[in-house]
Amino acid sequence: EFIPARIHQIFTDKPLRFSKDNPRLEEEDQITHFVSSKDWFAFNTFYGTSEERNFVRMLDRQIGKLKTHYQDIYLIRIEGHFSIYNFSDGQTFQPDFVLFLKEKDGQTLTVQIFIEPKGAHLQAQDRWKEQFLNEIKAEFGERILRFGDSSGYRLIGIPFYNNEDENAFKETLTSVLIS
């Protein structure tokens with residue numbers, strides 16, 4: 001069941017805690033400068049894995065194409081702000097990112113895409129997560145959900161992003177967003 005909530009109710013200021021040897025703690029000045037200059041990236045800094053950084057850079061290369069179809073594009077790093085639950089057994093999953101896009105065609109339709117960058121070494125053990133993302137697309141991808149007002153939402157999950165297979169991811173992203 002999809003339970004709607006306003007973004008400001010879900011994404012609040014919160015401290016992030018890392019162990020001192022966590023590689024995510026090594027803030028990369030270059031990526032901080034990069035994301036802070038992007039109007040579509042919702043935060044002013046970024047603590048992520050190399051795979052997540054590659055995803056953010058790849059999305060930046062796609063933004064121009066997306067802006068021809070969408071307005072109000074925002075990529076938000078979930079960082080524990082909310083969880084989604086597997087349909088089959090209720091197992092908790094926190095995708096790394098959620099991408100919000102509002103269509104330009106006059107409708108009040110927001111597309112919400114769950115995205116999980118995943119290194120090749122972790123793909124096999126987390127295959128259930130990718131399967132769940134595909135189930136979200138199958139269950140909700142074409143449906144427009146409405147909640148009391150005239151706004152509509154499309155929920156979409158897409159297969160893992162992996163830098164080594166970036167072209168396949170871009171094709172999937174394009175196919176679900178630009179048809």
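Predicted model: local features only at pLDDT ≥ 70, side-chain atom pairs only at ≥ 80, totals over all residues.
**Exercise 1.** Which residues have the most contacts inside the largest nonpolar core, and how many residues does this core have?

Step 1. The largest nonpolar core has 28 residues, and the most contacts inside it belong to F55, V56, L59, L75, L101, I113 and L177.

Step 2. Turning to the elements behind this core, at least two residues each are supplied by the helices α2 (29-36), α3 (50-67) and α6 (166-177) and by the strands β1 (70-77), β4 (97-103) and β5 (109-115).

Step 3. Of these contributors, α3 gives the largest share, which amounts to six residues.

Step 4. Apart from this core lies another one of 16 residues, including F100, F132, L133 and L145.

**Exercise 2.** Which residues does L75 touch, once residues up to four places away in sequence are not counted?

*Solution.* Step 1. With those sequence neighbours set aside, L75 touches W40, F41 and A42, and also F55, V56 and L59.

**Exercise 3.** Describe the chain as a whole, from its secondary structure to its contacts and surface.

*Solution.* Step 1. The chain has six helices and seven strands, arranged along the sequence in the pattern α-α-α-β-β-β-β-β-α-α-β-β-α.

Step 1. For contacts between residues at least 6 apart in sequence, 58% join residues at least 24 apart.

Step 2. Of the 179 residues in the chain, 43% are buried, while the accessible surface comes to about 10,000 Å², with 45% of it belonging to carbon and sulfur atoms.

Technical notes: Residues numbered from 1 in each chain as written. Heavy atoms only, no water. Helix = DSSP H or I, 4+ residues; strand = E, 2+ residues; numbered from the N terminus. Buried < 20%, exposed > 50% of the residue type's maximum accessible area, 1.4 Å probe, protein only. Contact = heavy atoms within 4.5 Å. Areas by Shrake-Rupley, 256 points an atom, 1.4 Å probe, with all protein chains shown as cover. Core = buried A, V, L, I, M, F, W, Y, C linked by side-chain atoms within 4.5 Å.
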